[in-house]
Amino acid sequence: MWRDIVSTISIISGLLILTLAVYGMLKMPDIYTRLHAASKAAFLGILPFLLAASLSGEPATITRSLLIALFLLLTTPVSAHVIGQTAYLASKRVETAELIDNIEQERPNA
């Protein structure tokens with residue numbers, strides 16, 4: 001009974017977080033802020049689904065959920081960094097009004 005309630009709450013919260021990630025991807029002005037929305041919110045949105053899956057109580061499912069969470073924890077920041085670095089090297093400008101690119105003079109010629 002309690003597992004069903006916790007699973008339902010986890011799935012709903014995961015859906016809400018992923019919905020916010022999609023909204024952030026659509027509304028953010030440049031690739032750098034979109035990247036933040038995609039990487040952080042998407043990772044946090046997957047965790048409740050893994051929690052709901054691990055509440056089944058089966059050791060194989062719990063192990064897989066932990067391995068998936070560990071894999072995402074290790075690969076999400078790395079992939080976000082590589083995408084951000086590639087965008088920077090491709091001279092994608094920061095379009096957010098409050099941010100200033102202090103490394104403009106060090107940017108390689110594209």
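So, burial: of the 110 residues in the protein chain, 25% count as buried. Keep in mind that this is a predicted model. As for contacts with a separation of 6 or more, 61% of them come from residues 24 or more positions apart.

Okay, let's look at H3, residues 59–89. That's 31 residues, and from first C-alpha to last H3 reaches 45 Å, close to the 45 Å you'd expect at 1.5 Å a residue. There is a kink in H3, though: about 25° at Thr-75, shortly before the proline Pro-77. And just after the helix ends, Ser-91 takes a positive phi of about 60°.

Which residues of H3 are buried? Going along the helix, they are Thr-61, Ser-65, Ala-69, Thr-76, Ala-80, Gly-84 and Ala-87. Have a look at the spacing on your screens. In general, an α-helix has 3.6 residues a turn, so residues three or four places apart point the same way.

And what covers those buried residues of H3? Helix H2 is included in the cover. H2 runs over residues 31–54, and its axis comes within 10 Å of the axis of H3, with the two crossing at roughly 175°. Anything over 145 counts as roughly antiparallel, which means H2 is roughly antiparallel to H3. What about the residue classes in that contact? The contact of H2 with H3 has 17 nonpolar residues and 6 polar ones, with no charged residues.

Terms used:
Residues numbered from 1 in each chain as written. Predicted model: local features only at pLDDT ≥ 70, side-chain atom pairs only at ≥ 80, totals over all residues. Heavy atoms only, no water. Axes fitted to C-alpha atoms, helices over the stretch in contact; angles between N-to-C directions. Helix = DSSP H or I, 4+ residues; strand = E, 2+ residues; numbered from the N terminus. Parallel < 35°, antiparallel > 145°, perpendicular 65-115°, else oblique. Nonpolar A, V, L, I, M, F, W, Y, C, P; charged D, E, K, R; others polar. Expected span 1.5 Å × (residues − 1). Bend = angle between axes of the 7 residues up to and from the residue. Buried < 20%, exposed > 50% of the residue type's maximum accessible area, 1.4 Å probe, protein only. Contact = heavy atoms within 4.5 Å.
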